[in-house]
Amino acid sequence: MHPPHGIAIGAVVAVLGMPLALAEIPLDQRRSGYDQLSPASKAMQDDDTSNPATLTVLDGEALWGRKAGEANKSCADCHGDAATSMRGVSARYPAFSPAKARPIDIEQRVNLCRTEQQKVAPLAHESRDLLALTAFIGKQSRGMPIAVTNDEKTRPFIEAGQRSYGMRQGQLNLSCQNCHDDHWGQKLAGVPLVQGHPNGYPLYRLEWQSVGSLQRRLRNCLIGMRAEPYAYGADEYVDLELFLMWRARGMTVETPAVRP
Amino acid sequence: MDGFDITRREALIAGGLAAAGAASLASPPVAASTPGQMEHAIRSLIGEAEVRKGKVTLDLPPLVENGNTVPLTVIVDSPMTKADHVKAIHVFNEKNPQANVISVQLGPRAGKAHVSTRVRLAGTQTLTAIAEMSDGTYWSDSQEVIVTLAACLEDLI
Amino acid sequence: MSARALINVPRKARRGDVIEIKTLISHIMETGFRHGTMGELIPRDIITSLSCKYNGEEIFATQLYPAIAANPFVTFHTVATESGTLAFHWIGDNGFEATEEAKIVVE
């Protein structure tokens, strides 16, 4: 990982009191959370007929073809067969939106289509329909390498996400880095720590007994650290997601994954 | 299925909550099993028949990452012919608020007495599977499962 | 909200083969033992039974209890006797009902 250039790194080091680069996981040591799953959970993810998230993907497939809004259009009307048009899309999200002058995640992209093209109300975060569509779209990137863009437009946001990642917060005063870079593979309250890559979202989390988004998982961590979670849809989550996707660049998309 | 005892206990807890008022509630009461509950559930389903160990294999992972979704398989050694087959399989647990897990009816058309599902376990405990054979005999197997909890819990959303 | 179900049955089988049938249906399986944030008991809402008929004859039946995990996954076996339809029927609390079918060709 190339460290941010110029003043930014100096400011970050001064604030955190430790150089960021040291705690990073070397690229060749990155591991998907899949590797730390029990054999039963791996089997659940590998077999579409037993993966509970398949039900959500099927819902998404149905929604893809359903007309909606004043424009009476379905996703399929513009995008055709998702297996072709959506192939690789989730693997490069969050992506820079010129209209918003900042990166947006796939949920925001779906809602932009709904409001601007279909002329219908946006879907609420963690709603059944938004999860279904993003799971269906995400599945079209399954098996592909994560490939978000890191250029002069997205870099400030990746760096903002990286700062979030290294920032201690909450009553437990922990940063993401403390667990997921410094102690991955070790145990937290008897549970093995993963490196925290976003390569399977939306996924079926056994703890939730349902499919959920990356933002829901990030909120879980924040609540776990006794920090105030940002509201759903906050820029902070999108910046962090963009940083996490950059951190996971080249790793394989597993959507929809299964995790404990 | 006789759930009378549990219903009454829950009603007493709910009544106690209403009386005490929400403000004094430290933490919500956690439903738990009562001693003898599993034995009672077994007898309700199979009566006084003798249950012997054998013929049944109850397969569960010895250690699970999350008690919410635990794969469970029951296989019964039987030719599954008209003359000799498994009529039913019942699975019980000892620590959940209710002792029954699943009951399954089979017959010679099954070909194999091999069923799977996913269960919820309230904590580390032993499960028991009992098979009822066409000749009226009962056979069983038990297995202990160690259940770990998630490190960070989520608020109800 | 309609339930989404997924059935996995081999499309073809030889007569006499023992085949595996896998079923998966979306359902919250609310146990009736959980409490909300104000201490109130969340009422039970589970699927209570699943049955399967092969060309009209019942070949499998199961009763599910709150201990069954959300999005119930149930697998079982049957002998492939003839071509036809496997019909699945789920029943649950609050008038829940769902049906699904799968065809099989037996040669």
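Q: Where does β4(B) sit, buried or exposed?
A: In this predicted model, β4(B) is largely enclosed by the rest of the structure, because five of its seven residues are buried.

Q: Which strand does β4(B), residues 70-76, join through seven bridges?
A: The partner is strand β7 of chain B, residues 113-119, and the two strands run antiparallel.

Q: Which residues are bridge partners there?
A: Val76(B) has Ala113(B) of β7(B) as its bridge partner. Another such pair is Ile75(B) with His114(B), again in β7(B).

Q: How many bridges are there between β2(B) and β4(B)?
A: There are four, and the pairing is antiparallel. Leu58(B) has its bridge partner in β4(B), namely Val74(B).

Q: What holds paired strands together in general?
A: Strands of a sheet pair through backbone hydrogen bonds, in either a parallel or an antiparallel sense.

Q: What is the order of the strands in the open sheet of six?
A: The order is β2(B)-β4(B)-β7(B)-β6(C)-β3(C)-β1(C), and the pairing is antiparallel.

Q: What is the average twist from one strand to the next?
A: The twist averages 15 degrees.

Q: Changing topic, how many residues of chain C are in contact with chain B?
A: There are 27 residues of chain C in contact with 32 residues of chain B.

Q: Which elements of chain C give two or more residues to that side?
A: They are β5(C), residues 57-64, and β6(C), residues 73-79. The largest share, seven residues, comes from β6(C).

Q: How do the residues on that side of chain C divide into nonpolar, polar and charged?
A: On the side of chain C that touches chain B, 18 residues are nonpolar, nine are polar and none is charged.

Q: And β5(C), which strand of chain B is joined to it?
A: Strand β6 of chain B, residues 100-105, is joined to β5(C) by four bridges, and the two run antiparallel. Within this pairing, Ser103(B) has Gln63(C) of β5(C) as its bridge partner.

Key
Residues numbered from 1 in each chain as written. Chains lettered and ligands numbered in written order. Predicted model: local features only at pLDDT ≥ 70, side-chain atom pairs only at ≥ 80, totals over all residues. Contact = placed C-beta atoms within 7 Å. Nonpolar A, V, L, I, M, F, W, Y, C, P; charged D, E, K, R; others polar. Pairing = 2+ DSSP bridges. Axes fitted to C-alpha atoms, helices over the stretch in contact; angles between N-to-C directions. Buried ≥ 20, exposed ≤ 12 C-beta atoms within 10 Å, placed from the backbone.
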